[in-house]
Amino acid sequence: MSERHGFETLAIHAGQEPDPVTGAVVPPIVQASTYKQDGVGGLRGGYEYSRSANPTRTALEECLAALEDGSRALAFASGLAAEDTVLRTLLRPGDHVIVPNDAYGGTYRLFAKVWAPWGVEYDPVDLRDLDAVRAAVRPGRTKLVWVETPSNPLLSVVDIAAVVQIATDHGAQVLVDNTFASPYLQQPLSLGADVVIHSTTKYLGGHSDVVGGALVVRDAELGERLAFHQNAAGAVPGPFDSWLVLRGAKTLGVRMDRHCANAERVVELLTRHPAVSEVLYPGLPGHRGHDIASRQMRAYGGMVSFRLVDGEAKAVEVCGRTEVFTLGESLGGVESLIEHPGRMTHASAAGSPLEVPSDLVRLSVGIETADDLLADLEKALA
Ligand SMILES: *Cc1c(COP(=O)(O)O)cnc(C)c1O
């Protein structure tokens with residue numbers, strides 16, 4: 001789309017012209033691995049083999065690029081496949097990366113268990129503390145600062161523009177995992193970040209029915225390098241998975257509005273509940289990152305974490321007692337989920353600097369009727 005349209009218009013139309021052959025309004029699922037050539041090298045529309053490119057995936061990639069205000073997006077079979085590919089592209093043995101000290105557990109595992117043995121060094125740092133970020137930079141060797149904001153599961157907020165400033169001063173690039181906010185609430189490229197990564201499994205897909213990932217960049221040359229690795233390593237999503245994420249993305253704006261509104265109601269309940277010792281939500285004026293979140297996000301999101309006065313046993317009990325909130329990992333779908341990060345999503349961080357408090361419960365607040373969500377939590381906390 002040539003003109004600059006609004007977010008919702010882009011979500012519904014970017015990369016999604018009606019099919020030129022049939023007029024189908026929705027991009028077809030092109031379930032093909034290979035494409036007939038008109039003579040050797042005579043490609044029709046640039047497609048030769050679906051690892052390199054597939055029309056349904058192209059539609060998704062163009063849509064995601066538009067939503068993040070980037071020049072290029074690349075879709076992957078999972079968020080972690082996207083992470084692995086960007087690390088292969090940007091790093092060499094001996095390079096150093098600054099990672100958040102409360103990164104998503106799978107991200108931390110990728111650095112600690114996969115990339116460290118290949119000679120990439122990393123330091124977990126509290127990225128809210130800009131002096132700590134400066135102190136962690138190893139001149140000439142720090143190539144990347146990995147930001148996750150709001151973070152999973154502690155909902156801490158990092159000042160993206162401030163970290164970009166520090167990284168730029170030292171010749172490092174900045175990547176932002178924008179999974180929790182989604183491009184509707186936050187656009188890191190416009191704040192100076194070099195790469196955005198998504199687990200499209202979460203808010204972009206939005207219906208807990210597909211696993212996927214994406215990278216989005218502004219710089220065309222970096223986009224080319226990433227595309228080379230996407231094809232060379234081949235962790236691509238299939239046409240149907242691409243189509244599911246694309247369909248989810250169309251309603252991202254309206255879903256996020258409701259996720260945020262429901263989360264605010266849930267936060268209200270939790271903050272005055274005697275069984276709860278602390279509520280972690282960037283929308284709370286007392287949250288350490290509230291001012292930054294108010295600047296760099298459109299609203300505060302649908303993820304809420306809280307701690308229990310009575311500790312781990314109570315946290316585990318509450319997770320087992322809800323009925324509308326389903327006990328399960330993952331997040332960002334239309335249905336509300338509850339989980340115990342210490343024993344579930346973040347179990348792999350146990351004993352590491354990223355270990356999470358054992359009395360912590362994480363909610364992915366869905367878009368069900370808010371009163372039903374509140375009643376369910378009241379009952380589970382009682
Ligand atoms: C889920 C998640 C990932 C990993 O994505 P997958 O699609 O599960 O591979 C990365 N970052 C964050 C913040 C996540 O929540």
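1. Ligand, Asp177. In this predicted model, a polar side-chain atom of Asp177 lies 2.7 Å from a nitrogen atom of the ligand. Asp177 is also among the residues that come nearest to the ligand, together with Gly79, Ser199, Thr201 and Lys202. In total, 14 residues are found around the ligand.

2. A polar backbone atom of Gly79 is 2.9 Å from a ligand oxygen. For Leu80, a backbone N or O atom lies 2.9 Å from an oxygen atom of the ligand.

3. Domain layout. The chain is divided into domain 1, covering 7–250, and domain 2, covering 252–381. Their C-alpha centres are 25 Å apart. Contact between the domains involves 43 residues of domain 1 and 42 residues of domain 2.

4. Buried area. About 3,400 Å² is buried between domain 1 and domain 2, and carbon and sulfur atoms give 62% of that area. On the domain 1 side, Tyr184, Leu185 and Tyr203 supply 24% of the area buried against domain 2, more than any other three residues.

5. Which residues form the salt bridge whose closest N and O atoms are 3.2 Å apart? They are Arg295 and Asp159.

6. Make-up of the domain 1 face. Three helices each supply at least two residues of the side of domain 1 that touches domain 2: H4 (105–115), H7 (182–185) and H9 (239–250). H7 gives the most, with four residues. Tyr184 and Leu185, already named for their share of the buried area, fall within the range of H7. By residue class, this side of domain 1 divides into 22 nonpolar, 13 polar and eight charged residues.

7. Salt bridges in the model. The count by this rule is 18 salt bridges. Arg138 sits in the loop between helix H5 (130–136) and strand S4 (142–148), while Glu121 belongs to strand S3 (residues 121–125). The pair thus links distant parts of the chain, 17 residues apart.

Key: Residues are numbered from 1 along each chain as its sequence is written. This is a predicted model: local features need pLDDT of at least 70, side-chain atom pairs count only at pLDDT 80 or more; totals for chains, interfaces and linings use all residues. Side-chain values use heavy atoms; hydrogens and water are left out. Domain bounds come from an automatic or database domain assignment. Contact means heavy atoms within 4.5 Å. Buried area is the accessible area (1.4 Å probe) that two parts lose on being put together, summed over both. A salt bridge is a side-chain nitrogen of Lys or Arg within 4 Å of a carboxyl oxygen of Asp or Glu. Ala, Val, Leu, Ile, Met, Phe, Trp, Tyr, Cys and Pro count as nonpolar, Asp, Glu, Lys and Arg as charged, and the others, Gly among them, as polar. A residue is near a molecule or strand if one of its heavy atoms lies within 4 Å of it. A polar contact is a pair of N or O atoms within 3.5 Å; within protein, one must be able to donate a hydrogen and the other to accept it, and residues adjacent in sequence count only if both atoms are side-chain atoms.
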